[in-house]
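Please keep the sequence and the 3D view at hand while reading.

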Amino acid sequence: MRAEWKCMDPEAHMRDLTSSFLELIRLAATDLPAEVEQSLQTAQAREAPGSAAAGALETILENVALARQNSTPVCQDTGTPIFYVKYPEGWSTRKLRDQIRQAIAQATALSYLRPNAVDSISGKNSGNNLGDDYFPTIHFEETEEQTLTADLMLKGGGCENVGAQVSLPNAQLGAGRDLGGVRKVVLDAVHKAQGKGCAPGILGVAVGGDRGSSYYASKEALFRLLQDTNPDPKLAALEEQLTDEANQLAIGPMGFGGETTVLGVKVKSMHRLPASFFVSVSYMCWAHRHRSMVVDGADVTYS
Amino acid sequence: MHSLTIPIPDEAIRELKVGDPVSLSGVMITGRDTAHKWMVETFVKKTRPPEGDDQEVYEALKDLLAGGAIYHCGPVVAGLDTKEYRFVAAGPTTSTREEPYQGDVMHHFDVKAVIGKGGMGPKTLAACQEVPGVYLHAIGGAASLIAQSVQRVLTVHKLAFGVPEAMWVIEVKDFPAVVTMDAHGASLHAEVETRSKANLDRLLAAELR
């Protein structure tokens, strides 16, 4: 192990990534991932020509192209910046945190981000998007890899507000402690959200955990690509059924009524206490702004 | 497509029906959570006394809102340091949070158009019939596109509320929206809610495949 250490660039873990984080933020805020855009295009083709739903999706797609072209935010609610950083042994999370926070303040000054950090007691907006330790949200994890990966999601308030967490069993929904119960919770949450989460949305669903870890995992699920299939066949089938059935609710884009209410559902299972069975639903708006950055030596790549 | 110019006459409001696309031009203000709470507490219900520049801003708002439009929006604004403000991204925010206040604000200031997303509830729908007024739905998230219809930022009130919550006075041209609540008691949101509830009940009666 010691020898390997010496082979590594001794400066590697000292690198200042502030400008790279700034580019990651700019991309996330202004350039919607191609697969989300394609999914919106497919949705638009499904709506009746001339309908309010088709018009909404047409406007959305026009806006996506314009934001990319002008490097302006896709949505003015640039949300809570949620970072997941996987770093090789030896990097300083304290320094990385400082660099991320600096990049956030710079991105705000450059109008890639709206100042969004509000002191809950005084009501004062910090003006630079830096709040306490929880704003921006940064999760660190050490990895065995030699590369550093940073994933960023910008999650707006409108969709965050329509998230839901239910402790099963739930008599009102007739939902028991099984996947059938999970299904009912998710469909009910989509119904309650109506168009308020900026449908068509993407759902991150966690089954199990405690209240905190469950919501956390429901957001992690949103980092999966829309087109990937859950490796667990039971969960893959549930994801497919939920996508189909959520669309049968016919809430439609913006809640105008229509064929597409969700673009996809991603389910993650977790261990739980014998006494607890939580289902947590994180609703992500159509503007699913998430980007990744990989730092490999001197190379930085974005996807 | 209905072209509306602010201030909007009552006849133009009554002509609008749910589903109509509209294009709005003129001077409007943004106002969301903090602004609505402040307006209602200070000037409608008067549960707190005016302080600082409250009265001055109120006088300005009375002129702007009579026959006017209020936009639920917390924009991204450039030029904060030079005060040469420019809207960079300006889509609507979720309107339902203003449901406790909106009807009172519409009545008090004679607001004709409330612009936002996600729709509003029965109190606002009743105010739309009484004032008369309409709820105009802008496309959520279409922030860069909508910002292009903002020709100028004329001034800003209550910047101390923070950039998203401040009341920005903007001149818009061809601002795109759809009528989803009209002055005749119709609400697309109530319709979709009822229809989707029937679909939900049908789905909940069935089990996992």
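Axes here are lines fitted to C-alpha atoms, for helices over the stretch in contact, and angles run from 0 to 180 degrees between N-to-C directions. Contact means heavy atoms within 4.5 Å. Helices (H or I, at least four residues) and strands (E, at least two) are DSSP runs, numbered from the N terminus. The model is a predicted one, in which local features need pLDDT of at least 70 and side-chain atom pairs count only at pLDDT 80 or more, while totals for chains, interfaces and linings use all residues. Residues are numbered from 1 along each chain as its sequence is written, chains are lettered from A and ligands numbered from 1 in the order in which they are written, and side-chain values use heavy atoms, with hydrogens and water left out.

Chain A has an open sheet of five strands in the order E2-E1-E3-E8-E9, with mixed pairing; two strands pair if DSSP finds at least two bridges between them. Strand E2 (137-143) and strand E9 (299-302) of chain A are its edge strands, each pairing on one side only. From one strand to the next the twist averages 15°. Strand E8 (residues 289-296) of chain A pairs with E9(A) in the antiparallel sense, over four bridges. Opposite Asp296(A) stands Asp299(A), in E9(A).

Two helices can be followed against this sheet. Helix H2 (residues 18-30) of chain A lies across strand E1 (80-88), strand E3 (148-155), E8 and E9 of chain A, and runs at about 155° to E8(A). Helix H5 (residues 93-109) of chain A packs on the sheet and touches E1, E2 and E3 of chain A, its direction making about 145° with that of E1(A).

Another open sheet in chain A has four strands in the order E4-E7-E5-E6, again with mixed pairing. Its edge strands, each pairing on one side only, are strand E4 (164-167) and strand E6 (262-269) of chain A. Here the twist averages 15° from one strand to the next. E4(A) and strand E7 (residues 278-284) of chain A are antiparallel and pair over four bridges; Val166(A) has Val279(A) in E7(A) as its bridge partner. Helix H8 (residues 211-220) of chain A packs on this sheet, touching E4, strand E5 (201-207), E6 and E7 of chain A, and its direction makes about 40° with that of E7(A).

The interface comes next. In total, 45 residues of chain A are in contact with 43 residues of chain B. The buried area, which is the accessible area (1.4 Å probe) that two parts lose on being put together, summed over both, is about 3700 Å² between chain A and chain B, and carbon and sulfur atoms give 61% of it.

A salt bridge is a side-chain nitrogen of Lys or Arg within 4 Å of a carboxyl oxygen of Asp or Glu. Lys184(A) forms a salt bridge with Glu207(B), with the closest N and O atoms 3.4 Å apart. Lys184(A) lies in helix H7 of chain A and Glu207(B) in the segment after helix H7 (188-205) of chain B, so the pair joins two chains.
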